[in-house]
Amino acid sequence: MSVLRWGCGAGGLGRVLRSCGRRGLPAEEGTLGVGLGPRRSSSASPREQDLRKDWGHAELLEVLEARVRQLQAESVSEVTVNKVDVARLPESGGGGGSFQPPRKAQVGAKGAAPQPSGRWAEKLDKEKQTLQKRKQQLEMKLQVQAQRLSQKLKPKPLKMEPQLVRRQLADSLQCWAQGTPESPSEEQLAQALQKVPQKLSPKEEQALADREVEAQLTGQQQKLLAFFECCLLTDNLRLAHHVLVAHHGNPHKQQLLTLAMYNTIMLGWARQGSFKELVYVFIMVKDAGFSPDLLSYAAALQCMGRLDQHARTIQRCLEQMAQDGLQLQDLFTAVPLSEEERAALLRAIVKVQPTFSPPPRSPPQVNTSVLLREIYAKDGPVSYPKLHLPLKTLQGLFQQQLHMELTTSVYVESVEKAAVLTKEVMHARKTLKNLRVQWEAALHRALQETKASLARQAHKGRPTLYPFMCLLSEREFVQLLMQTLQALPAQGESLVCVAQELGRRAFSRHMVQKQQLNNQVQALEQRYTQYLHLLASDTQIGILKPHPAYMQLLATAAEPTLTFETVDVPMLCPPLPWTSPHSGAFLLSPTKLMRSVEGTTQHQQLLECCPPAELHGALDTLTQLGNCAWRVNGHVLDLVLELFRDKGCSRLGVPPPPSEAPRPPEGRLPRDTPPAQKAELRRELARCLKVAREMHSLRTDALYRLSLAQHLRHRIFWLPHNMDFRGRTYPCPPHFNHLGSDLARALLEFAEGRPLGPHGLDWLKIHLVNLTGLKKRESLRARLAFANEVMEDILDSADQPLAGRKWWMEADEPWQALACCMEIARAVRTPDPATYISHLPVHQDGSCNGLQHYAALGRDSVGAASVNLMPLDLPQDVYSGVAAQVEVFRRQDADQGLQVAQVLEGFINRKVVKQTVMTVVYGVTRYGGRLQIEKRLREFSDFPQDLLWEASNYLVRQVFNSLQEMFSSTRAIQHWLTESARLISQAGSAVEWVTPLGIPVIQPYHQEAKFMVKGGIQSITCSKAWDSSQKGLTFVSVHDCFWTHAADIAIMNQVCREQFVRLHSQPILQDLSAFLVKRFCSSPR
């Protein structure tokens, strides 16, 4: 039946159901069968066939009523009388439920003709009575079906009572369920504690031991535990209990349950004071063969404290706890509880032991690291490093940051060149607005349907995403999805990455809302105000790809606003100090202390198990790095925006707009085009697409950075820090920080200025020469003399950066060089340069810092001299040294007639080998090194491209041979580390170690093919940061590059050298060896 016919039929049925005529006569069987025609074969069920027949009857009623009206009209036209009184049939669907037969006409003197429509009226009256009866039957059927459907869709009640395996526990539960007077509910926990399950078989004991010992949960277990925890966060505790009961009653699924899952549900019931449900879970713990731990007893006692349970029940619980070898004092020291939970727990214990008092809080532990002993062992008050801002200003900045985090999003004006508001642009914006309204409505409906479907699945005992979708309202989820759509690149993005980012944002917003509801914001204001008293200067402290039409519409609309999450934007007040792995950085938004590969949990577990005092050095370092206040270099920003809004400049790192991307060849090739030409065309097309994608990515990155810089142009801001799994420090805001490119670094300068002093101007000049890369092997005195020689070029660059001689553009780091030129120009034009207040960061970079550490570890004097660890008249350049050694090997091979060595003559220089030498200490393989060298060789226009693979393969071997020749101890240490990692990985474990500052590290690459210990020698940054702050320096770092004011370079240099010597005075390799043997060897040899 067509859609139109279904619509008409539905309308007719509606009119039949709404009619309220008189009760009809008994229907005649088969009366309507004549009008329906032959029956068609159908696979429908009998019930569906009855429904279809009723629909057909309703349609037939409409047809018959129309026929009646037609016959009446014909009858009236044929009868000619003087006085006619014909009763007209009512209109279909009118107020009357049934029609009356026409009355007989009153005849005159000549008589009247008989009424021909009477027979039809009587027939139709009978038919209509039959249909009314069928209509009533249909109504009843529909009501019954609706009731059945509502019963079917109605969720079943959540199951609270578990199905137990152990007969003894099952009998106890059954007695309790019957509610016998002899077994009141408050006694059941004590009875459950005393119920000892039957002795397990050896196989069951081994399986249980494996479950308890296994530290790494499977992916399925992680999801299940996350489901339970999220249910607690979103007030779906009954649903979590239901799923727990369903899994416990299934022998196969029960293997997934861990004691932590049972404890999670018990803790939830304890917080609600639901004793009966808590006992259910406690019995399940016993039934599963687990022994309750401290958290289990803490939940039970806390619940009894809230309900003021009988002392005898509490006493039995404490006795069983003692029998299990658990100490009462540990409930207050080893279990993480809130103050309110501690109070409820204490209430229960004091009822049985009135003299009990919880152990006093242990005094703050002191870090015992040898490297930090002098810092943390000082007696008396310690002066906290001050900021240059007064308390009132910092309090105002705190309120601004707090407001920004509470709104969760930041709206920034784009620095893209403003589009002319033509009719096309206005139409595109209006179209986008209308489409977004439609999309938001569609997404809202889809989310509601998905949420309902997931809820039904969860009610069947399956852990689903339902509680996670309850973290935010549908409206907030729709906002997140629309923001994601807005930020999608044209080439698309991995669906996994998009999902992870959405999950992170949803969790962050939920945590902010939770803190608002729990009045934690007020507590934060009090604590942060106390912290500001320490800081203030006047006090004492898959691929998801958007549709091309949408991207075209977005480009045409050229909307002027960008939206950022709060955590993606620098802070407007000093970051929250890091006090634990869970607390620090942003005020409300949760931030990880240690970055890790998505999906890994071992890093967080190591931090949880690490004694708090061991992390003090790392936590304080991150706090100090985050306390550096920044501002935007407006002069540089104006120049960059001028180029950015024009056509960009790739040479200076300003990405051009998409309009400058190479155009792929247009038109179709003739059919007789040779295959070689077609292949070349495909390669050209692929190249154009690749370049366009790269240009879009770079352009978007620059747009975000420059828009944020413009947004923060007249503000002071801060960059909170965290670290990666190796202990390397990174700023949290990703788009605008000092770890970016040359352009990103040039846009930033210290908010606090320092007078240059007697030597600050000289350091500015040396810093400028370092940025040019022109005098790498010259002494500091020679570099200073060179800066004085080119002073005219420096001043011209500062005064006419885009119209003058453009000397700054030839530097290795052009934008930082230009910023330094401007700073020098302002300083030399000051009457007394020593009094000039400088804000420019000056860098001190390590000479291939990885090799420096390896040379110091191996006490390699030859290698140490190559990386400037030995006193020499001129600085050494290890990259040039390696290039020279490679050239020696090449000449020897060329003399022996090796073709590739002969071809490489004149192509071996410092730049070709630098990246490979730099990364070899971080585990780069020969394959990776070959790709690095091949990329450099491609830059030579006259190098034969057909020999790229052979030449790069030859050179990477010679680079490794040269390093073996120059750094023999380094390569020996690397071989030992590599072999150790290989053996550990073959044993099925992940490589672990502890840095000299006590930071636990675990290698996330243990499942990959290569087994290299990467990094791990980053501890020196921590001691430098804290020591520098104690000396009053402004200090930040970019891994092995350290920044401070020009006036303080001498002090920072001294600190760096002292901390380097202190670090390598420790038996680092011996300590590492002892740790690896203890951790991974069953029997030390």
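Start by selecting R651 and E810: both are exposed, meaning over 50% relative accessible area, where under 20% is buried and in between is partly exposed (1.4 Å probe, protein chains only). The two form a salt bridge, with their closest N and O atoms 3.9 Å apart. R651 sits in the loop between α27 (634-645) and α28 (675-711), while E810 is in the loop between α32 (791-799) and α33 (814-828), so this pair links distant parts of the chain, 159 residues apart.

Some ground rules before moving on. This is a predicted model, in which local features need pLDDT of at least 70 and side-chain atom pairs count only at pLDDT 80 or more, while totals for chains, interfaces and linings use all residues. Residues are numbered from 1 along each chain as its sequence is written, and side-chain values use heavy atoms, leaving out hydrogens and water.

A salt bridge here is a side-chain nitrogen of Lys or Arg within 4 Å of a carboxyl oxygen of Asp or Glu. Helices (H or I, at least four residues) and strands (E, at least two) are DSSP runs, numbered from the N terminus.

Next, pick D701 and R705, which meet in a salt bridge (3.2 Å, N to O). Both lie in helix α28, four residues apart, about one turn of the helix. D701 is partly exposed at 33% relative accessible area, whereas R705 counts as buried at 9%.

Last stop: K911 and E939, whose side chains meet in a salt bridge (3.5 Å, N to O). K911 is exposed at 53%, and E939 is partly exposed at 44%.
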